[in-house]
Amino acid sequence: MISSILIPTDFSPASWQAAQLGMELSKIYGDATISFLHIYPASSKYSLKNGPKATNSQLEEVEQRMNQLSQDMSGVADDRIQNVVLSGNVEELMMQFIKEHNFDLVIVGINSNGHDNEIGSHTVRVIKESGIPVMIVPNRAAHGTIAS
């Protein structure tokens, strides 16, 4: 039984696919809650040094996008959906968030360039260390209705 789903999002087409699938699963499992998680990175993977901290206005903008995402998914404000915005090291904060909550499933979207479906380092770490099932959804996924 799935009662709690985590969907990390970076607002990419792949995370949109993951969000859609998560919403379908939450309907199948009735009272399943969904947590959308966005982590504003403290550094760039292309730089060895930490970047500037996110400003309040940047975080507010991300929170607005998260609220819009959850409303687009559910059609209304839904108390089963939690939007979480954090700022810092993406991998560390994601693993900490997973360990602090009792998720039954993590749904992660991966960006596919049409040639491969390589998963990124954040997703690999979640698979290896989270101890819970992880569903991978490519951005070009075509799925129909999920049967229970």
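## A tour around R125

Start by selecting R125: with a relative accessibility of 17%, this residue counts as buried, because the cut-off for buried is under 20%. Keep in mind as you look around that the model is predicted. R125 sits in helix α4, which covers residues 121-129.

**Stop 1: the surroundings of R125**

Keep R125 selected and show what lies around this side chain. Setting aside neighbours within four places in sequence, you will find R125 in contact with E91, E92, M95 and S130. Two of these names, E91 and E92, come back at the next stops, where each forms a salt bridge with R125. As background, side chains of opposite charge can pair when their charged atoms come close.

**Stop 2: E91**

The side chains of E91 and R125 form a salt bridge, with 3.6 Å from N to O. This pair connects distant parts of the chain: E91 belongs to helix α3 (residues 90-100) and R125 to helix α4, and they are 34 residues apart. Is E91 buried, exposed or partly exposed? Its relative accessibility is 22%, so E91 counts as partly exposed.

**Stop 3: E92**

Move on to E92. Here the closest N and O atoms of the salt bridge with R125 are 2.8 Å apart.

**Stop 4: E129**

Next, select E129 and look along helix α4. How far apart are E129 and R125 in this helix? They are four residues apart, so about one helical turn separates them. Their side chains meet in a salt bridge, at 3.0 Å from N to O. E129 has a relative accessible area of 40% and is partly exposed.

**Stop 5: the whole group**

Finally, select E91, E92, R125 and E129 together. Salt bridges with shared partners join these four residues into one network. How many salt bridges does the structure hold? There are three, and you have visited R125 with E91, R125 with E92 and R125 with E129.

Notes: Residues are numbered from 1 along each chain as its sequence is written. This is a predicted model: local features need pLDDT of at least 70, side-chain atom pairs count only at pLDDT 80 or more; totals for chains, interfaces and linings use all residues. Side-chain values use heavy atoms; hydrogens and water are left out. Helices (H or I, at least four residues) and strands (E, at least two) are DSSP runs, numbered from the N terminus. Buried means under 20% relative accessible area, exposed over 50%, partly exposed in between (1.4 Å probe, protein chains only). Contact means heavy atoms within 4.5 Å.
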